[in-house]
Amino acid sequence: MRLRALAGLALAAVVAAAGCSAEPERDNNQRPDVPDRSTPAADATVGIEPELARFYTQELEWSDCGEGFQCSTATVPVDYADPGGDTLELALLRSPATGEDRLGSLLVNPGGPGASGVEYAQLAGSVVTGQVRERYDIVGFDPRGVAGSTPIDCVDDAELDDYLAADPTPDDEAEIADMEESIQELAAGCAARSGELVPHVGTADVARDLDVLRAALGDEKLNYLGKSYGTFIGALYADQFPDRVGRLVLDGAIDPTLSGDDLGLGQARGFERALSAFLTWCFDQDNCALGSSEDEARDTLAGLLRQADAEPLVTDDENRPLTEALAFYGIILPLYLTADEGYEPLNEALDLALTEDDGTLLLTFADLYLERNSDGTYNGNANEVISIVNCMDHPESATAAEAQAGLAAFTDVSQVFGPFLAWGGLGCSALADGLAEAGDGPTDDPTATPTGEPEPHPPVTAPGADPILVVGTTGDPATPYEWAQSLADQLSSGVLLSYDSTVHTAYLAGSDCIDAAVDAYLLAGTVPDEGTSCAA
């Protein structure tokens with residue numbers, strides 16, 4: 001399956017490396033007069049189907065949930081084509097504006113698919129600047145199927161361990177069959193435990209939920225900060241509701257027109273660039289674990305993955321050796337970070353693995369990436385959600401023969417990362433087969449042709465929308481810069497802001513230039529000049 005892209009990974013890794021616990025930043029100066037009820041926007045039902053009016057006009061009841069935060073739930077239909085049918089509750093958390101001159105609500109999403117916006121809003125002090133917090137209520141929501149919003153559940157934690165550690169690069173027919181069986185078992189579990197919701201967790205439905213939340217919060221237009229996968233939600237929202245676009249920041253953008261294979265190839269290129277940046281740093285050290293040349297380093301790293309495939313490395317947990325898949329996750333997590341944050345830990349982990357056949361530190365990084373706790377539990381359900389949502393959004397599939405035929409293209413892009421990403425199409429094919437056998441699946445997929453063959457998503461134009469700020473980092477490993485360029489070009493009112501860095505997403509990533517430009521947009525609606533770029 002495709003890699004997730006979570007803006008919070010960097011924070012988690014740095015906090016863990018420092019040996020500290022992650023405590024949300026609190027503010028003891030919250031406004032004392034925040035109402036405990038949200039009144040729907042005056043134009044909540046304009047242009048809305050009558051059957052949906054009850055969702056748009058609902059009044060949100062807020063309650064104190066500690067540390068100055070307020071919590072609520074919003075009701076949305078499971079299926080927007082059947083608004084009189086089943087409903088689900090979306091979990092919300094609000095960090096009230098700290099000043100009196102309030103601009104409205106700023107909805108936030110950290111990425112994923114599968115990340116909790118509620119947990120993200122709890123870190124409001126690390127999500128937006130103090131100036132933005134003064135003027136906006138920061139509102140996080142768990143997308144449908146995620147965490148507190150009727151979460152998709154497919155397998156237990158022990159089964160999820162096995163699924164995530166399974167061989168990601170099958171070498172023969174038997175291993176291909178094992179991969180297909182593993183994914184089909186996940187699908188069967190999803191269908192058995194969450195089957196009614198599974199066909200309705202795609203991003204287009206999440207974008208429709210976002211408009212219900214906008215109206216219920218009392219805002220005439222949507223103000224939104226989406227990072228990584230969260231930009232996909234924001235882009236589809238803008239295209240569906242261009243006249244309701246307020247101030248949208250899409251940071252670390254995804255190009256909605258790309259196929260699943262194109263996304264995989266793009267991420268392979270992105271992580272290859274990130275690896276090049278790491279190697280440039282590493283070769284300047286006295287103890288670079290991968291050697292002293294580009295070719296040697298890549299051969300060594302690819303060899304380490306092959307070694308873990310043939311015989312997993314020992315770790316400090318005798319029940320959890322470092323498999324190829326876990327080694328891969330452990331390698332990529334530090335590449336999300338800045339050089340100061342991620343490079344030395346990655347070099348140390350690679351040295352331990354290469355010189356002592358010890359995968360302990362790489363396993364620690366993999367667990368951070370996968371949000372696995374030391375007791376074997378997982379934070380949330382992102383590892384299940386990502387498989388389902390990616391395949392709902394990009395339902396194209398591949399046979400084993402087709403995946404093998406495309407392997408060379410992925411390997412040409414990156415001998416280290418390409419082979420892992422090449423099998424994504426097979427994953428969606430096996431997932432669809434598993435859901436079909438269980439009687440569930442994307443039966444109302446809007447991207448399917450009459451023959452059932454999926455078509456690429458059309459360009460996202462959002463005609464007539466207010467200016468939309470798209471932020472791209474030139475060396476972003478997970479959401480390559482070209483995706484931000486493409487999205488900004490597609491949007492009729494898109495404005496591109498560039499950051500010359502290798503970190504994943506740019507806002508509040510250490511650049512005063514980026515932060516000032518984003519704040520000027522959120523606070524005054526002022527967009528940067530065309531071609532604006534900020535140095536690292």
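Q: Why is R298 called buried?
A: This is a predicted model, where local features need pLDDT of at least 70 and side-chain atom pairs count only at pLDDT 80 or more, while totals for chains, interfaces and linings use all residues. Residues are numbered from 1 along each chain as its sequence is written, and side-chain values use heavy atoms, with hydrogens and water left out. Buried means under 20% relative accessible area, exposed means over 50%, and partly exposed is in between (1.4 Å probe, protein chains only). R298 comes out at 11%, so it counts as buried.

Q: What makes E294 partly exposed?
A: Its relative accessible area is 32%, which falls between the 20% and 50% cut-offs.

Q: How do you know that E294 and R298 form a salt bridge?
A: The rule wants a side-chain nitrogen of Lys or Arg within 4 Å of a carboxyl oxygen of Asp or Glu. For E294 and R298 the closest N and O atoms are 2.2 Å apart, so the pair passes. The two residues sit four apart in helix α11 (residues 294-310), about one helical turn. Helices here are DSSP runs of H or I with at least four residues, strands are runs of E with at least two, and both are numbered from the N terminus.

Q: What makes D211, R214 and R244 one network?
A: Their salt bridges share partners. D211 meets R214 at 2.8 Å, N to O, and also pairs with R244, with the closest N and O atoms 2.5 Å apart.

Q: How do you know whether D211, R214 and R244 are buried or exposed?
A: Check the relative accessible areas: D211 has 0%, R214 has 2% and R244 has 10%. Each value is under 20%, so they are buried.

Q: Why is the pair of Y237 and F241 called tilted?
A: Rings of Phe, Tyr and Trp (its six-membered ring) pair if their centres lie within 6.5 Å; planes under 30 degrees apart are stacked, over 60 edge-to-face, and the rest tilted. Y237 and F241 have centres 5.1 Å apart and planes at 40 degrees, so they are a tilted pair.

Q: Why does the pair of Y336 and Y369 count as tilted?
A: The centres are 6.0 Å apart and the planes stand at 55 degrees, so tilted is the label. Y336 lies in the loop between α12 (324-335) and α13 (339-356), and Y369 in helix α14 (residues 360-370).
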